[in-house]
Amino acid sequence: MSAATPRASDAQWMRAALDEARSAAASGDVPVGAVVVQGDAVLARAANRTVRDQDPTAHAELLAIRAASSALGSWRLDGCTLYVTLEPCAMCAGAIVLGRVSRVVIGAWDSKAGMAGSVGDLLRHPRLNHSPEVAGGVLEEECSALLREFFAARRRDVAPSAIEGSAPAVVPSEGEGAVRSGFVDTPPSAG
């Protein structure tokens, strides 16, 4: 399945999601950020909080979807666009479909957990009752670079503070905690 063409305003909103991703890195979480926009208004912004909250469901996408639903007073996010710096996992893709998000814009693809075309495609599965429009690769190099730098620092056993713009944080040793990794610099093949 191929992705839709990005829009002119997508880079602006992806930059806001990147700011959230940097915030996640500053707290020792995998640098993923998400922003929900309706029209020209930001309804919600969120950063990964999995490590910070010790909650495996505290992915940026879920947190942003919850906050946007609260802001609208409705679980239906019709007319909303979710900007996320890393392709959503199965859990987040499920929430996107169930929340009726109209459009999803992805920065970096995730070859190990991505469910918008890399590993599978829950977002556009033909048997589901909702399929958002999906556009990928927006500020892809910047999104991928942030993830590469974060994981390179972890492999060197250096705290994320070594990454520009991040504050000191405790980094779990290999095998501790759940992290989202496996991002790739190229989109999944159409299928």
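Guide: The account below begins with the basis of the model, turns to the charged pairs, and ends with a group of strands and the cysteines.

This is a predicted model, in which local features need pLDDT of at least 70 and side-chain atom pairs count only at pLDDT 80 or more, while totals for chains, interfaces and linings use all residues. Residues are numbered from 1 along each chain as its sequence is written, and side-chain values use heavy atoms, with hydrogens and water left out.

The protein chain has an average pLDDT (the predictor's confidence in each residue, from 0 to 100) of 86, and 81% of the residues reach at least 70. Over residues 167–186 the pLDDT stays under 50. For this stretch the model has 58 contacts (heavy atoms within 4.5 Å) beyond four places in sequence.

Side chains of opposite charge can pair when their charged atoms come close. The structure contains 11 salt bridges, a salt bridge being a side-chain nitrogen of Lys or Arg within 4 Å of a carboxyl oxygen of Asp or Glu. One of them links arginine 7 to glutamate 133, with 3.4 Å between the closest N and O atoms. Because arginine 7 lies in the segment before helix H1 (10–26) and glutamate 133 in strand S5 (residues 133–135), this pair ties together parts that are 126 residues apart in sequence. Helices (H or I, at least four residues) and strands (E, at least two) are DSSP runs, numbered from the N terminus. Arginine 7, at 46% relative accessibility, is partly exposed, and glutamate 133 is partly exposed at 30%; by definition, buried means under 20% relative accessible area, exposed over 50%, and partly exposed in between (1.4 Å probe, protein chains only).

Within helix H1, aspartate 19 and arginine 22 are 3 residues apart, about one turn of the helix. Their closest N and O atoms are 3.3 Å apart in a salt bridge. Aspartate 19 is partly exposed at 43%, and arginine 22 is partly exposed at 27%.

A further salt bridge joins the side chains of arginine 76 and aspartate 78, at 3.9 Å from N to O. Relative accessibility is 37% for arginine 76 and 42% for aspartate 78.

Strand S1 (residues 33–38) is mostly covered, with 5 of its 6 residues buried. It runs antiparallel to strand S2 (residues 41–47), with 6 bridges between S1 and S2, and antiparallel to strand S3 (residues 80–86), with 5 bridges between S1 and S3; two strands pair if DSSP finds at least two bridges between them. Valine 37 has bridge partners on both sides of this arrangement: valine 42 in S2 and threonine 81 in S3. The hairpin of S1 and S2 has 2 residues between the strands, and glycine 39 takes a positive phi near 65 degrees there.

The cysteines complete the picture. Cysteine 80 is buried, with a relative accessible area of 0%. Cysteine 89 is also buried, at 11%, and its sulfur lies 3.7 Å from the closest cysteine sulfur, that of cysteine 92, which is too far for a bond. A search of the whole structure finds 0 disulfides, a disulfide being a pair of cysteine sulfur atoms within 2.5 Å.
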